[in-house]
Amino acid sequence: MPFHFPTVYRRDRGMYIGDLIGEEYIEWEEYSDTYNVCYDKPSWDDEERGSCIFISSATGSGKTHFILNKWLEYMMRRRKSILYLVNRSILKDDIKEKIAEKKMEDPNISNFIDVKLYQELENDLKGNEKEAAKNGGEGKKEKDGAHAYKGMETDSMKYDCVVCDECHYFLTDSNYNVDTSLSFRWVQDCFSHKVRIFMSATIDDIMAYIWAYDYDWKWGDGGPKYYLCKPELEKWKGGNGKIGSLPLRSKYYEYPMEKNYKYIDIHIRDNIRNKEEIANDIVEVIDKTSKKEKWLIFVDSVRLGEILEKRLSGKKAIFISSQNKRDEEKAGVVKGITAKETMTMQIIIATSVLDNGINIKDDKLRNVILMADTETEFIQMLGRKRKDQENLNVYLYPRDKEHFKNRQRAVGKKLKIASEYIGSLEWYKNKFKVDGYKEDVAIEHLHIEWMRNMAENRIAVEDAKGLFNVYGGTLYLNLLAYQNVKNLYKYYGEMVEEFDKYGKYAFVKRQLSWLGKKDEEIREMIEGLQSIKEDACRKNVIERISKEDVLNQPMSKKASTSMKIGIKEDLMYLINCAKDKERYKTVLDNVSKSDRPLTKNDMLFLSEHCGIPYEVKYIKGKGNEEGIYIFSEIIQPENPKK
C-alpha cells in the first residue's frame, strides 16, 4: 500500500468526532506492523510503520466517547489492547468509571484497555534508573545518550495502541514537570510501529513537534539523539505550513473539527490596570447579576485569587490553586464537581490547576471569567463548562503591551540557558568531529559545568529547574521544555509587535480570534469597544472640569496640574483616538507629563477633535504674582455659519 500524505481531512460529517472519522479507523490498525522493541528500526525502504492519528476538537465533541466505544469495541474484536494515557487524576478516574460501566455489558473489557497517568509512566521510567544503579551503572544510558527503556519496552508489548489524551501536556507542562520528555519519548519510540492516537482541543504545537520528531527519526543521523530531536520546523515545513513531501515514520491522519462558540456572549472589561482594580470590577459585575447564577473565575495569579476569595467570602466563594488543592474543604469541592459535574459553591476561583479533567454541566453556571495569556490555556479553561441549551457569559480582561514584554523577558532567561546548552553540545561535536564524538561524555562534562554555574549563581536555579531533568545523576535538557519556551518567546514577541500595529486592543483581537471570530466581526467589536470607552473617558473629563472647584474658577498652576493628573489616562485615551490629526503628538506629549497643566492649545485640540466643550485661559500675574488658569464652557453661536 503506497504511503499517502498530506493528512486526511473530513469536515462534512456531522458534529461529533465519531461522525467525522466514520469507518476510517479500520485503516489505522490495518497498517500497524509487528515491531515491538523500541529501537528496532525498519529499513529505509519501508515507508509505512504504524499509524499516527491527530484528533483535534473542543470539549464535548465526543473524543473520549469515540475511543471507549467505536475504537475500543473494534480493537476488542481484533483481540488487541489499548493503553490510555491522561494528565490528571480526575480525568483518569472519570475514564475508569466509564469503563466500569461498560464492564456490565462485557466483563472482559478490562483485559483490553488500561488507563494510566503520564506521571505514573514517568515514575516507572525513573524507576529503571534505580535498577541501573544497582547493577553498577550498566544500562544507565543507551546509545547516543538516550534514556534506558530496558524493561519498559516489555510493558509496551502488552499494547497494540496508545491513546494520548490531552496531549498538549507534553509541551505545556514541560516547564514545571521536566519529566514529560520521558513519557513522550517512550510513546514515540515504543509505539512507532503501532497505532498512536493524540487528542486535544489545542493540538497544533504538539502535532508540529511530533511530525518534526518523526522526520528527524526517519531522515536524521541514525535516529533521534537525546539532544538532537529538537524540531527545526522551518527546515521541512512547506509553504502551506504542512510537512514536506518526504515519507515519514508512520501513516498520518488528522481529524480537525471547527470549534463552534456561537453560544458564547462575550463581555470585554476595559480600563483595568492592576489586581485591585480587577478584583473590584469582578465584585461589581457579580453584584449586578442574579444571585442564583454561578461563576467560574480563572485567574493568572495566586495573589489575585486570594484577594477575590476574601472579597467574595459572603457569597459561597472558594479559591483553588496548586498550593491549596490538598486542603480538605477545597479537595472536597473538586471531588464534588468530578462526581456530580455540578458546583456546590456559587463561585469557584481557580488557577490553571483546574484547566482540564473537570467537566461542569451545572445549568446554573452561566458566567465564566478567563485570564489566560495563551490559546491553549484559554481554550482548556473555557472547556471546563460544557455547552448546554443556554448562552454562556464569558468575561475577558485585556492585557497591555508591558505585560507581554515582561512575560517575554522572563521566558527569555530560560531560552538563553537552553540555547547555550545546545550550543555547547554542538561545540563538543565539532571539536571531536563525528567519529570521536560521544554524546554521553559531552553531556556529563556539561553536567559538571552547569552544576557549577548554578552553585555560583551564574545560572538561576529556578530557571534551570524548568528545563532540565535528572537521570542517573546527570542533568538532561528536556527538549519539549526547550521547544515550549521557544514557542512562548516567539508568541510573546508577536504580541508586543501587534500592540504596535493594532493598538491597545491587540490582545482582545487575539482572544476573539480564539473564539472563532472573523476579521470583520473582530473589527466591528473593537470599534464598538473603542466607542464605548471613548464615551466613558469623555464623560469622566467633562464631569471633572464641570465641577464647581474648576469651572470658571481661578486655579493655580499646581491646582490645574493636579486636576489634569486626575483625568490624565482618560485624556490620553481620547487624544490617541484622534492620533491621525495634526498636533496630536505635541498635545499627547504635554498631557502625558505630570508637571504641566493643560494649555490653551491642548484644550483647543480636545474641543475640536475629542468632544470636550471647554477652553482654558491663562492670565499672567502682575510682578511676582503667580498666573492663574480659568476653564470655561465654549458657547456655540446660535446661528453658526454653514
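**Loops, buried segments and helix packing**

Arg583 sits in the loop between helix H22 (568-577) and helix H23 (584-592); helices (H or I, at least four residues) and strands (E, at least two) are DSSP runs, numbered from the N terminus. The model is a predicted one, in which local features need pLDDT of at least 70 and side-chain atom pairs count only at pLDDT 80 or more, while totals for chains, interfaces and linings use all residues. Residues are numbered from 1 along each chain as its sequence is written, and side-chain values use heavy atoms, with hydrogens and water left out.

Most residues other than glycine have a negative phi. Arg583, which is not a glycine, has a positive phi near 75°. With a relative accessibility of 32%, Arg583 counts as partly exposed (buried means under 20% relative accessible area, exposed over 50%, partly exposed in between; 1.4 Å probe, protein chains only). Glu166 also has a positive phi, near 50°, and is found in the loop between strand E4 (161-164) and helix H7 (169-172). Glu166 is buried, at 11% relative accessible area.

Of its 642 residues, 52% count as buried. The accessible surface of the chain comes to about 31,400 Å², of which 47% belongs to carbon and sulfur atoms; these areas come from the Shrake-Rupley method with a 1.4 Å probe, and for residues only the protein chains shown count as cover. Among contacts (heavy atoms within 4.5 Å) between residues at least 6 apart in sequence, 76% join residues at least 24 apart.

Beyond its neighbours within four places in sequence, Ser200 is in contact with several residues, including Ile55, Lys63, Glu166, His168 and Gln380. The C-alpha atoms of Ser200 and Phe54 are 8.3 Å apart, although 146 residues separate the two along the chain. Gln380 is among the buried residues of helix H14, a mostly covered helix (residues 375-382) with six of its eight residues buried.

Turning to helix packing, helix H15 (residues 401-432) meets helix H16 (residues 439-455) at an angle of about 140°, with their axes 10 Å apart. Axes are lines fitted to C-alpha atoms, for helices over the stretch in contact, and angles run from 0 to 180 degrees between N-to-C directions. H15 is therefore oblique to H16 (under 35 degrees is roughly parallel, over 145 roughly antiparallel, 65 to 115 roughly perpendicular and the rest oblique). H15 passes H16 in a right-handed crossing, where the near helix is turned clockwise from the far one by less than a right angle, anticlockwise being left-handed. The contact includes Tyr421 and Leu425 of H15 and Leu446 and Trp450 of H16. Its residues divide into eight nonpolar, two polar and one charged; Ala, Val, Leu, Ile, Met, Phe, Trp, Tyr, Cys and Pro count as nonpolar, Asp, Glu, Lys and Arg as charged, and the others, Gly among them, as polar.

H15 also packs with helix H18 (residues 479-502), at about 145° and with the axes 8 Å apart. This crossing is left-handed, and the contact has 15 nonpolar, four polar and six charged residues.
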